[in-house]
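Hi,

Here is the structure I promised to pass on. Please open it first, then read my notes below.

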Amino acid sequence: MRHDALFERVSARLKAQVGPDVFASWFGRLKLHSVSKSVVRLSVPTTFLKSWINNRYLDLITTLVQQEDSEILKVEILVRTATRGHRPTAPEESVAAAAEAAVVPPSRRSAAPTVAIAAAAVAAAPARPVQAPLFGSPLDQRYGFDSFVEGSSNRVALAAARTIAEAGAGAVRFNPLFIHSSVGLGKTHLLQAIALAALQSARAPRVVYLTAEYFMWRFATAIRDNDALSLKESLRNIDLLIIDDMQFLQGKSIQHEFCHLLNMLLDSAKQVVVAADRAPWELESLDSRVRSRLQGGVAIEMEGPDYEMRLEMLKRRLEAARQDDASLEIPLEILSHVARNVTASGRELEGAFNQLLFRRSFEPQLSIERVDELLGHLVNAGEPRRVRIEDIQRVVAKHYNVSRQELVSNRRTRVIVKPRQIAMYLSKTLTPRSFPEIGRRFGGRDHTTVLHAVRKIEELISADTKLSHEIELLKRLINE
Ligand SMILES: Nc1ncnc2c1ncn2[C@@H]1O[C@H](COP(=O)(O)OP(=O)(O)OP(=O)(O)O)[C@@H](O)[C@H]1O
(Lines give C-alpha, C1' and ligand atoms only; values in the text may rest on other atoms or scores of the structure.)
Protein backbone atom coordinates (compact mmCIF):
# COMPACT_ATOMS: atom_id res chain seq x y z
CA MET A 1 0.00 0.00 0.00
CA ARG A 2 2.82 2.35 0.96
CA HIS A 3 4.37 1.60 -2.43
CA ASP A 4 1.14 2.24 -4.32
CA ALA A 5 0.98 5.69 -2.78
CA LEU A 6 4.62 6.25 -3.68
CA PHE A 7 3.91 5.24 -7.27
CA GLU A 8 0.94 7.59 -7.45
CA ARG A 9 2.96 10.52 -6.19
CA VAL A 10 5.79 9.77 -8.60
CA SER A 11 3.30 9.47 -11.46
CA ALA A 12 1.73 12.81 -10.58
CA ARG A 13 5.11 14.52 -10.47
CA LEU A 14 6.17 12.88 -13.71
CA LYS A 15 3.00 14.14 -15.36
CA ALA A 16 3.68 17.64 -14.10
CA GLN A 17 7.21 17.49 -15.51
CA VAL A 18 6.52 16.09 -18.96
CA GLY A 19 3.01 17.44 -19.49
CA PRO A 20 -0.27 15.50 -19.71
CA ASP A 21 0.08 14.81 -23.41
CA VAL A 22 3.50 13.21 -23.28
CA PHE A 23 2.55 11.50 -20.04
CA ALA A 24 -0.54 9.89 -21.55
CA SER A 25 1.44 8.81 -24.62
CA TRP A 26 4.32 7.15 -22.84
CA PHE A 27 3.29 6.54 -19.25
CA GLY A 28 -0.45 5.88 -19.48
CA ARG A 29 0.19 2.14 -19.11
CA LEU A 30 3.05 2.32 -16.69
CA LYS A 31 2.25 0.23 -13.62
CA LEU A 32 3.96 -0.53 -10.38
CA HIS A 33 5.15 -4.13 -10.52
CA SER A 34 6.98 -4.65 -7.26
CA VAL A 35 9.34 -3.15 -4.76
CA SER A 36 12.00 -5.33 -3.27
CA LYS A 37 14.85 -4.21 -1.11
CA SER A 38 16.06 -1.06 -2.77
CA VAL A 39 14.72 -1.71 -6.26
CA VAL A 40 11.44 -0.39 -7.69
CA ARG A 41 10.13 -2.36 -10.67
CA LEU A 42 7.65 -0.75 -13.02
CA SER A 43 6.01 -2.49 -15.94
CA VAL A 44 4.78 -1.52 -19.40
CA PRO A 45 2.98 -3.62 -22.05
CA THR A 46 5.60 -3.53 -24.83
CA THR A 47 9.33 -3.77 -25.34
CA PHE A 48 9.17 -0.66 -27.41
CA LEU A 49 7.76 1.35 -24.52
CA LYS A 50 10.31 -0.17 -22.21
CA SER A 51 13.26 0.87 -24.32
CA TRP A 52 11.77 4.28 -24.99
CA ILE A 53 11.29 4.95 -21.29
CA ASN A 54 14.68 3.49 -20.45
CA ASN A 55 16.41 5.68 -23.00
CA ARG A 56 14.63 8.88 -22.27
CA TYR A 57 13.06 8.94 -18.87
CA LEU A 58 14.70 6.44 -16.57
CA ASP A 59 16.96 9.03 -14.93
CA LEU A 60 14.05 11.35 -14.35
CA ILE A 61 11.87 8.58 -12.90
CA THR A 62 14.70 7.38 -10.67
CA THR A 63 15.24 10.89 -9.34
CA LEU A 64 11.54 11.32 -8.64
CA VAL A 65 11.35 7.96 -6.86
CA GLN A 66 14.43 8.75 -4.78
CA GLN A 67 12.98 12.11 -3.82
CA GLU A 68 9.99 10.23 -2.39
CA ASP A 69 12.01 7.43 -0.82
CA SER A 70 15.74 7.97 -0.39
CA GLU A 71 16.33 4.27 0.29
CA ILE A 72 15.52 3.30 -3.27
CA LEU A 73 18.71 2.83 -5.29
CA LYS A 74 17.38 1.64 -8.59
CA VAL A 75 14.33 1.67 -10.86
CA GLU A 76 13.78 -1.09 -13.42
CA ILE A 77 11.30 -1.21 -16.27
CA LEU A 78 9.84 -4.63 -17.13
CA VAL A 79 7.58 -5.79 -19.91
CA ARG A 80 4.39 -7.43 -18.70
CA THR A 81 2.28 -9.90 -20.65
CA ALA A 82 -1.45 -10.58 -20.45
CA THR A 83 -0.88 -13.99 -18.88
CA ARG A 84 2.05 -13.36 -16.63
CA GLY A 85 2.87 -10.34 -14.60
CA HIS A 86 5.89 -9.46 -16.68
CA ARG A 87 8.70 -10.84 -18.75
CA PRO A 88 12.19 -9.50 -18.83
CA THR A 89 12.59 -8.86 -22.57
CA ALA A 90 10.83 -9.62 -25.83
CA PRO A 91 12.83 -8.15 -28.68
CA GLU A 92 10.21 -8.45 -31.42
CA GLU A 93 7.36 -6.90 -29.48
CA SER A 94 4.80 -5.09 -31.58
CA VAL A 95 4.49 -1.38 -31.00
CA ALA A 96 0.79 -1.47 -31.75
CA ALA A 97 -0.09 -1.73 -28.10
CA ALA A 98 1.87 1.41 -27.44
CA ALA A 99 -0.09 3.17 -30.12
CA GLU A 100 -3.35 2.09 -28.51
CA ALA A 101 -2.20 3.56 -25.26
CA ALA A 102 -1.59 6.98 -26.68
CA VAL A 103 -3.65 10.09 -26.31
CA VAL A 104 -4.87 11.65 -29.46
CA PRO A 105 -3.53 15.09 -30.28
CA PRO A 106 -4.41 16.65 -33.63
CA SER A 107 -2.20 15.82 -36.55
CA ARG A 108 -1.86 17.70 -39.80
CA ARG A 109 -5.29 16.83 -41.19
CA SER A 110 -6.62 14.18 -38.86
CA ALA A 111 -6.20 13.11 -35.30
CA ALA A 112 -3.63 10.45 -34.63
CA PRO A 113 -1.68 9.30 -31.63
CA THR A 114 1.63 10.90 -30.85
CA VAL A 115 3.24 7.54 -30.41
CA ALA A 116 2.24 6.62 -33.94
CA ILE A 117 5.37 8.47 -35.01
CA ALA A 118 7.48 6.00 -33.21
CA ALA A 119 5.44 3.13 -34.52
CA ALA A 120 5.81 4.38 -38.07
CA ALA A 121 9.50 4.92 -37.68
CA VAL A 122 10.05 1.47 -36.24
CA ALA A 123 8.04 -0.20 -38.94
CA ALA A 124 10.01 1.67 -41.57
CA ALA A 125 13.32 0.38 -40.30
CA PRO A 126 13.07 -3.12 -38.97
CA ALA A 127 16.84 -3.57 -39.18
CA ARG A 128 17.87 -0.88 -36.77
CA PRO A 129 16.24 0.08 -33.50
CA VAL A 130 14.91 3.56 -33.98
CA GLN A 131 14.80 6.40 -31.52
CA ALA A 132 11.37 7.94 -31.53
CA PRO A 133 10.79 11.67 -31.79
CA LEU A 134 9.92 13.51 -28.62
CA PHE A 135 6.46 14.43 -29.78
CA GLY A 136 4.67 15.71 -32.82
CA SER A 137 2.53 14.86 -35.78
CA PRO A 138 2.51 11.29 -37.03
CA LEU A 139 5.02 10.09 -39.58
CA ASP A 140 3.92 7.92 -42.46
CA GLN A 141 6.34 5.05 -42.90
CA ARG A 142 5.74 5.06 -46.67
CA TYR A 143 7.20 8.56 -46.95
CA GLY A 144 10.83 7.54 -46.94
CA PHE A 145 13.59 8.61 -49.32
CA ASP A 146 13.20 5.25 -51.09
CA SER A 147 9.74 6.06 -52.35
CA PHE A 148 10.56 9.68 -53.23
CA VAL A 149 11.03 10.04 -56.98
CA GLU A 150 13.86 12.29 -58.01
CA GLY A 151 13.75 14.57 -61.05
CA SER A 152 14.91 17.95 -62.24
CA SER A 153 12.09 19.69 -60.35
CA ASN A 154 13.15 18.46 -56.92
CA ARG A 155 16.80 17.41 -57.28
CA VAL A 156 18.26 20.27 -55.24
CA ALA A 157 15.66 19.95 -52.48
CA LEU A 158 16.23 16.20 -52.29
CA ALA A 159 20.01 16.59 -52.10
CA ALA A 160 19.68 19.14 -49.30
CA ALA A 161 17.22 16.88 -47.47
CA ARG A 162 19.54 13.89 -47.70
CA THR A 163 22.49 15.93 -46.49
CA ILE A 164 20.54 17.01 -43.44
CA ALA A 165 19.25 13.52 -42.68
CA GLU A 166 22.77 12.13 -42.90
CA ALA A 167 24.67 14.95 -41.23
CA GLY A 168 25.58 14.54 -37.60
CA ALA A 169 24.51 17.06 -34.99
CA GLY A 170 26.65 20.14 -35.38
CA ALA A 171 27.21 19.51 -39.09
CA VAL A 172 24.59 22.12 -39.87
CA ARG A 173 24.95 23.49 -43.38
CA PHE A 174 21.69 24.99 -44.52
CA ASN A 175 19.96 26.42 -41.55
CA PRO A 176 17.05 26.72 -41.64
CA LEU A 177 16.34 24.74 -44.79
CA PHE A 178 13.11 26.09 -46.22
CA ILE A 179 11.35 23.98 -48.86
CA HIS A 180 8.43 25.48 -50.72
CA SER A 181 6.13 24.48 -53.55
CA SER A 182 2.52 24.47 -54.66
CA VAL A 183 0.23 21.93 -53.01
CA GLY A 184 0.75 18.22 -53.44
CA LEU A 185 4.30 18.36 -54.81
CA GLY A 186 5.99 16.31 -52.13
CA LYS A 187 6.97 18.69 -49.32
CA THR A 188 5.46 16.56 -46.60
CA HIS A 189 6.89 13.43 -48.14
CA LEU A 190 10.37 14.93 -48.18
CA LEU A 191 10.15 16.31 -44.65
CA GLN A 192 9.00 12.97 -43.30
CA ALA A 193 11.77 11.23 -45.22
CA ILE A 194 14.28 13.45 -43.40
CA ALA A 195 12.70 12.60 -40.05
CA LEU A 196 12.54 8.86 -40.75
CA ALA A 197 16.11 8.68 -42.05
CA ALA A 198 17.49 10.73 -39.18
CA LEU A 199 15.67 8.52 -36.67
CA GLN A 200 17.16 5.42 -38.27
CA SER A 201 20.69 6.76 -38.24
CA ALA A 202 23.19 5.51 -35.74
CA ARG A 203 23.45 8.98 -34.18
CA ALA A 204 19.87 8.69 -32.93
CA PRO A 205 19.24 12.44 -32.88
CA ARG A 206 16.33 13.90 -31.01
CA VAL A 207 13.85 14.69 -33.76
CA VAL A 208 10.60 16.62 -33.64
CA TYR A 209 8.35 16.64 -36.69
CA LEU A 210 5.35 18.93 -36.42
CA THR A 211 2.86 20.66 -38.58
CA ALA A 212 2.38 24.33 -37.77
CA GLU A 213 -1.19 23.42 -36.80
CA TYR A 214 0.08 20.85 -34.32
CA PHE A 215 2.56 23.32 -32.91
CA MET A 216 -0.26 25.83 -32.36
CA TRP A 217 -2.53 23.23 -30.80
CA ARG A 218 0.24 21.93 -28.55
CA PHE A 219 1.23 25.34 -27.31
CA ALA A 220 -2.37 26.46 -26.82
CA THR A 221 -3.03 23.32 -24.77
CA ALA A 222 0.13 23.79 -22.75
CA ILE A 223 -0.72 27.41 -22.00
CA ARG A 224 -4.25 26.43 -20.99
CA ASP A 225 -2.90 23.70 -18.71
CA ASN A 226 -0.19 25.91 -17.26
CA ASP A 227 2.29 23.57 -18.76
CA ALA A 228 4.12 25.77 -21.25
CA LEU A 229 7.34 25.64 -19.28
CA SER A 230 7.70 21.89 -19.45
CA LEU A 231 6.82 21.93 -23.13
CA LYS A 232 9.53 24.49 -23.78
CA GLU A 233 11.88 22.46 -21.68
CA SER A 234 11.20 19.36 -23.76
CA LEU A 235 11.94 21.28 -26.95
CA ARG A 236 15.14 22.78 -25.65
CA ASN A 237 17.31 19.77 -26.28
CA ILE A 238 16.23 18.62 -29.69
CA ASP A 239 18.69 18.18 -32.55
CA LEU A 240 16.36 18.41 -35.51
CA LEU A 241 13.12 20.38 -35.71
CA ILE A 242 10.97 19.82 -38.78
CA ILE A 243 7.91 22.02 -39.31
CA ASP A 244 5.42 21.43 -42.09
CA ASP A 245 2.73 23.72 -43.52
CA MET A 246 4.32 26.82 -42.06
CA GLN A 247 1.79 29.06 -43.80
CA PHE A 248 -0.76 28.03 -41.17
CA LEU A 249 1.17 29.39 -38.19
CA GLN A 250 -1.02 32.08 -36.68
CA GLY A 251 -1.53 34.02 -33.50
CA LYS A 252 0.73 36.55 -31.88
CA SER A 253 1.68 34.65 -28.75
CA ILE A 254 2.16 31.35 -30.60
CA GLN A 255 4.41 33.06 -33.12
CA HIS A 256 6.32 34.62 -30.29
CA GLU A 257 6.91 31.16 -28.84
CA PHE A 258 7.87 29.82 -32.21
CA CYS A 259 10.32 32.67 -32.80
CA HIS A 260 11.87 31.99 -29.44
CA LEU A 261 12.27 28.30 -30.23
CA LEU A 262 13.66 29.05 -33.67
CA ASN A 263 16.21 31.51 -32.27
CA MET A 264 17.25 29.10 -29.58
CA LEU A 265 17.77 26.21 -31.98
CA LEU A 266 19.47 28.20 -34.71
CA ASP A 267 21.74 29.94 -32.23
CA SER A 268 22.83 26.61 -30.84
CA ALA A 269 23.46 25.23 -34.35
CA LYS A 270 20.56 22.77 -34.23
CA GLN A 271 19.07 21.96 -37.59
CA VAL A 272 15.65 23.36 -38.51
CA VAL A 273 13.72 22.34 -41.63
CA VAL A 274 10.55 24.15 -42.66
CA ALA A 275 8.11 23.68 -45.53
CA ALA A 276 5.34 25.91 -46.81
CA ASP A 277 3.26 26.53 -49.89
CA ARG A 278 5.17 29.74 -50.60
CA ALA A 279 8.60 31.27 -50.14
CA PRO A 280 9.53 32.66 -46.71
CA TRP A 281 9.39 36.24 -47.93
CA GLU A 282 5.81 35.64 -49.10
CA LEU A 283 4.53 34.40 -45.75
CA GLU A 284 2.72 37.65 -45.13
CA SER A 285 0.76 36.49 -42.11
CA LEU A 286 3.95 35.67 -40.24
CA ASP A 287 5.50 37.94 -37.67
CA SER A 288 8.33 39.83 -39.41
CA ARG A 289 10.91 38.45 -36.94
CA VAL A 290 9.95 34.87 -37.74
CA ARG A 291 9.97 35.63 -41.44
CA SER A 292 13.33 37.27 -41.29
CA ARG A 293 14.82 34.35 -39.34
CA LEU A 294 13.41 31.92 -41.88
CA GLN A 295 14.93 33.93 -44.69
CA GLY A 296 18.33 33.68 -43.10
CA GLY A 297 18.84 30.12 -44.33
CA VAL A 298 18.41 28.43 -47.67
CA ALA A 299 15.08 28.45 -49.52
CA ILE A 300 14.55 25.83 -52.21
CA GLU A 301 11.53 25.63 -54.43
CA MET A 302 10.17 22.33 -55.76
CA GLU A 303 8.26 22.37 -58.98
CA GLY A 304 5.73 19.98 -60.46
CA PRO A 305 6.85 16.52 -61.60
CA ASP A 306 7.47 16.00 -65.30
CA TYR A 307 6.08 13.04 -67.24
CA GLU A 308 9.00 10.71 -66.44
CA MET A 309 8.66 11.42 -62.74
CA ARG A 310 4.93 10.92 -62.78
CA LEU A 311 5.31 7.58 -64.52
CA GLU A 312 7.96 6.52 -62.04
CA MET A 313 5.70 7.50 -59.13
CA LEU A 314 2.93 5.31 -60.53
CA LYS A 315 5.33 2.41 -61.07
CA ARG A 316 6.57 2.63 -57.51
CA ARG A 317 3.04 2.72 -56.18
CA LEU A 318 2.23 -0.36 -58.19
CA GLU A 319 5.32 -2.08 -56.86
CA ALA A 320 4.28 -1.25 -53.30
CA ALA A 321 0.72 -2.46 -53.93
CA ARG A 322 2.09 -5.71 -55.32
CA GLN A 323 3.62 -6.47 -51.98
CA ASP A 324 0.11 -7.00 -50.69
CA ASP A 325 -1.21 -8.67 -53.82
CA ALA A 326 1.43 -10.23 -56.06
CA SER A 327 -1.12 -10.93 -58.79
CA LEU A 328 -1.79 -7.23 -59.28
CA GLU A 329 -1.10 -6.02 -62.82
CA ILE A 330 -1.75 -2.65 -64.42
CA PRO A 331 -0.48 -2.45 -68.00
CA LEU A 332 2.29 0.05 -68.67
CA GLU A 333 0.11 1.57 -71.37
CA ILE A 334 -2.46 2.56 -68.74
CA LEU A 335 0.16 3.86 -66.35
CA SER A 336 1.77 6.04 -68.99
CA HIS A 337 -1.62 7.30 -70.12
CA VAL A 338 -2.38 8.37 -66.56
CA ALA A 339 1.08 9.91 -66.15
CA ARG A 340 0.58 11.90 -69.34
CA ASN A 341 -2.84 13.21 -68.38
CA VAL A 342 -2.92 13.65 -64.62
CA THR A 343 -0.38 16.42 -64.33
CA ALA A 344 -1.46 18.69 -61.51
CA SER A 345 0.46 17.20 -58.59
CA GLY A 346 1.60 14.08 -56.80
CA ARG A 347 -1.60 14.16 -54.80
CA GLU A 348 -3.84 13.97 -57.89
CA LEU A 349 -1.64 11.19 -59.19
CA GLU A 350 -2.03 9.31 -55.93
CA GLY A 351 -5.81 9.74 -56.20
CA ALA A 352 -5.75 8.48 -59.77
CA PHE A 353 -3.72 5.43 -58.81
CA ASN A 354 -6.04 4.60 -55.92
CA GLN A 355 -9.02 4.85 -58.25
CA LEU A 356 -7.37 2.47 -60.70
CA LEU A 357 -6.55 0.02 -57.97
CA PHE A 358 -10.05 0.10 -56.58
CA ARG A 359 -11.75 -0.26 -59.97
CA ARG A 360 -9.44 -2.97 -61.13
CA SER A 361 -10.73 -5.36 -58.50
CA PHE A 362 -14.13 -5.58 -60.24
CA GLU A 363 -13.20 -4.40 -63.75
CA PRO A 364 -10.00 -6.36 -64.47
CA GLN A 365 -9.73 -5.26 -68.11
CA LEU A 366 -9.69 -1.46 -67.90
CA SER A 367 -9.50 0.21 -71.28
CA ILE A 368 -7.96 3.64 -71.88
CA GLU A 369 -11.44 5.04 -72.54
CA ARG A 370 -12.70 3.64 -69.25
CA VAL A 371 -9.70 5.12 -67.45
CA ASP A 372 -10.51 8.52 -68.96
CA GLU A 373 -14.09 8.18 -67.78
CA LEU A 374 -13.01 7.27 -64.28
CA LEU A 375 -10.32 9.91 -63.97
CA GLY A 376 -12.03 12.69 -65.88
CA HIS A 377 -12.16 14.91 -62.82
CA LEU A 378 -8.40 14.57 -62.32
CA VAL A 379 -7.36 15.16 -65.90
CA ASN A 380 -6.24 18.70 -66.57
CA ALA A 381 -8.46 19.50 -69.49
CA GLY A 382 -11.00 22.20 -70.16
CA GLU A 383 -11.29 24.24 -66.97
CA PRO A 384 -8.65 26.91 -66.65
CA ARG A 385 -6.53 26.44 -63.56
CA ARG A 386 -6.43 29.11 -60.87
CA VAL A 387 -3.20 30.98 -61.43
CA ARG A 388 -1.07 31.99 -58.48
CA ILE A 389 1.32 34.91 -58.34
CA GLU A 390 4.08 32.52 -57.28
CA ASP A 391 3.54 30.49 -60.47
CA ILE A 392 3.78 33.63 -62.57
CA GLN A 393 6.97 34.69 -60.82
CA ARG A 394 8.45 31.22 -61.23
CA VAL A 395 7.71 30.98 -64.95
CA VAL A 396 8.82 34.54 -65.72
CA ALA A 397 12.00 34.18 -63.68
CA LYS A 398 12.88 30.96 -65.45
CA HIS A 399 12.12 32.40 -68.87
CA TYR A 400 14.36 35.43 -68.34
CA ASN A 401 16.99 33.49 -66.49
CA VAL A 402 16.78 35.43 -63.25
CA SER A 403 15.90 34.12 -59.82
CA ARG A 404 12.51 34.59 -58.20
CA GLN A 405 14.22 36.29 -55.33
CA GLU A 406 15.71 38.83 -57.72
CA LEU A 407 12.27 39.50 -59.15
CA VAL A 408 10.97 40.57 -55.76
CA SER A 409 14.19 42.25 -54.67
CA ASN A 410 15.10 45.95 -54.76
CA ARG A 411 17.54 45.52 -57.63
CA ARG A 412 16.85 47.94 -60.41
CA THR A 413 19.10 46.74 -63.22
CA ARG A 414 17.46 46.46 -66.64
CA VAL A 415 17.76 42.66 -66.76
CA ILE A 416 15.61 42.45 -63.65
CA VAL A 417 13.30 45.43 -64.07
CA LYS A 418 11.72 44.27 -67.32
CA PRO A 419 10.91 40.70 -66.22
CA ARG A 420 9.59 42.16 -62.96
CA GLN A 421 7.26 44.50 -64.81
CA ILE A 422 6.11 41.68 -67.06
CA ALA A 423 5.44 39.48 -64.03
CA MET A 424 3.44 42.30 -62.43
CA TYR A 425 1.49 42.80 -65.64
CA LEU A 426 0.70 39.08 -65.84
CA SER A 427 -0.27 39.03 -62.17
CA LYS A 428 -2.80 41.77 -62.85
CA THR A 429 -4.20 40.16 -65.99
CA LEU A 430 -4.21 36.48 -64.92
CA THR A 431 -5.24 36.75 -61.28
CA PRO A 432 -7.98 38.66 -59.44
CA ARG A 433 -5.40 40.28 -57.14
CA SER A 434 -5.50 44.03 -56.48
CA PHE A 435 -2.63 46.44 -57.20
CA PRO A 436 -1.68 46.75 -53.49
CA GLU A 437 -1.76 42.96 -53.05
CA ILE A 438 0.48 42.46 -56.08
CA GLY A 439 2.80 45.14 -54.76
CA ARG A 440 3.07 43.26 -51.47
CA ARG A 441 3.87 40.01 -53.29
CA PHE A 442 6.66 41.75 -55.15
CA GLY A 443 8.78 42.59 -52.15
CA GLY A 444 6.41 45.07 -50.51
CA ARG A 445 6.21 47.59 -53.35
CA ASP A 446 3.72 50.41 -53.49
CA HIS A 447 0.57 49.91 -55.59
CA THR A 448 1.59 52.84 -57.84
CA THR A 449 4.70 50.91 -58.89
CA VAL A 450 2.51 48.01 -60.01
CA LEU A 451 0.16 50.35 -61.82
CA HIS A 452 3.11 51.93 -63.61
CA ALA A 453 4.47 48.49 -64.61
CA VAL A 454 1.12 47.33 -65.97
CA ARG A 455 0.66 50.51 -68.05
CA LYS A 456 4.21 50.34 -69.33
CA ILE A 457 3.88 46.71 -70.52
CA GLU A 458 0.48 47.43 -72.10
CA GLU A 459 2.09 50.25 -74.08
CA LEU A 460 5.05 48.12 -75.12
CA ILE A 461 2.85 45.22 -76.22
CA SER A 462 0.83 47.42 -78.53
CA ALA A 463 4.01 48.62 -80.23
CA ASP A 464 6.19 45.51 -80.13
CA THR A 465 4.91 42.30 -81.73
CA LYS A 466 7.88 40.29 -80.50
CA LEU A 467 7.11 41.20 -76.90
CA SER A 468 3.44 40.53 -77.49
CA HIS A 469 4.29 36.97 -78.66
CA GLU A 470 6.62 36.52 -75.75
CA ILE A 471 3.82 37.40 -73.32
CA GLU A 472 1.44 34.99 -75.04
CA LEU A 473 4.06 32.26 -74.66
CA LEU A 474 4.48 33.10 -70.98
CA LYS A 475 0.72 32.91 -70.49
CA ARG A 476 0.68 29.44 -72.03
CA LEU A 477 3.59 28.32 -69.84
CA ILE A 478 1.87 29.67 -66.74
CA ASN A 479 -1.35 27.83 -67.55
CA GLU A 480 0.38 24.55 -68.34
N1 LIG B 1 8.71 13.24 -55.86
C2 LIG B 1 7.77 12.45 -55.36
N3 LIG B 1 7.98 11.12 -55.28
C4 LIG B 1 7.03 10.28 -54.81
N5 LIG B 1 5.84 10.68 -54.39
C6 LIG B 1 5.56 12.00 -54.44
C7 LIG B 1 6.50 12.95 -54.93
N8 LIG B 1 5.94 14.18 -54.88
C9 LIG B 1 4.71 14.01 -54.38
N10 LIG B 1 4.48 12.71 -54.11
C11 LIG B 1 3.27 12.10 -53.53
O12 LIG B 1 2.20 13.00 -53.75
C13 LIG B 1 1.35 13.05 -52.60
C14 LIG B 1 1.27 14.48 -52.09
O15 LIG B 1 2.56 14.85 -51.59
P16 LIG B 1 2.77 15.72 -50.26
O17 LIG B 1 1.62 15.52 -49.30
O18 LIG B 1 4.13 15.46 -49.77
O19 LIG B 1 2.64 17.16 -50.89
P20 LIG B 1 2.79 18.59 -50.18
O21 LIG B 1 3.66 19.39 -51.08
O22 LIG B 1 3.19 18.47 -48.78
O23 LIG B 1 1.31 19.14 -50.27
P24 LIG B 1 0.56 20.25 -49.34
O25 LIG B 1 1.14 21.58 -49.74
O26 LIG B 1 -0.87 20.11 -49.71
O27 LIG B 1 0.84 19.90 -47.91
C28 LIG B 1 1.95 12.11 -51.58
O29 LIG B 1 1.30 10.87 -51.70
C30 LIG B 1 3.40 11.97 -52.02
O31 LIG B 1 3.94 10.73 -51.65
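The notes cover the ligand site and then the salt bridges.

Keep in mind that this is a predicted model.

Ligand site. The shell around the ligand has 22 residues, and the closest are Val-149, Gly-184, Thr-188, His-189 and Arg-347. By type, the shell splits into 6 nonpolar, 9 polar and 7 charged residues. Helices α8 (187-200), α13 (307-322) and α15 (346-360) each contribute at least two of the shell residues. Domain 2 (145-301) and domain 3 (307-380) both supply shell residues, so the ligand lies between them.

A ligand nitrogen sits 2.7 Å from a backbone N or O atom of Val-149. A ligand oxygen is 3.3 Å from a side-chain N or O atom of Tyr-143. For the side chain of Lys-187, the distance from an N or O atom to a ligand oxygen is 2.8 Å. The ligand alone exposes 630 Å², of which the protein buries 96%.

Salt bridges. There are 29 in the structure. Asp-239 pairs with Arg-206, with 3.3 Å between the closest N and O atoms. This pair links distant parts of the chain, 33 residues apart. Asp-239 is buried at 13% relative accessible area, while Arg-206 is partly exposed at 32%.

Glu-437 and Arg-441 also form a salt bridge, at 3.3 Å from N to O. They are 4 residues apart in helix α20 (residues 435-441), so about one helical turn separates them. Glu-437 is buried at 17%, and Arg-441 is buried at 8%. Both belong to one network of salt bridges with shared partners, including Glu-282, Arg-388 and Arg-404.

Best wishes

Notes. Residues are numbered from 1 along each chain as its sequence is written. This is a predicted model: local features need pLDDT of at least 70, side-chain atom pairs count only at pLDDT 80 or more; totals for chains, interfaces and linings use all residues. Side-chain values use heavy atoms; hydrogens and water are left out. A residue is near a molecule or strand if one of its heavy atoms lies within 4 Å of it. A polar contact is a pair of N or O atoms within 3.5 Å; within protein, one must be able to donate a hydrogen and the other to accept it, and residues adjacent in sequence count only if both atoms are side-chain atoms. Accessible areas come from the Shrake-Rupley method with a 1.4 Å probe; for residues, only the protein chains shown count as cover. Ala, Val, Leu, Ile, Met, Phe, Trp, Tyr, Cys and Pro count as nonpolar, Asp, Glu, Lys and Arg as charged, and the others, Gly among them, as polar. Domain bounds come from an automatic or database domain assignment. A salt bridge is a side-chain nitrogen of Lys or Arg within 4 Å of a carboxyl oxygen of Asp or Glu. Buried means under 20% relative accessible area, exposed over 50%, partly exposed in between (1.4 Å probe, protein chains only).
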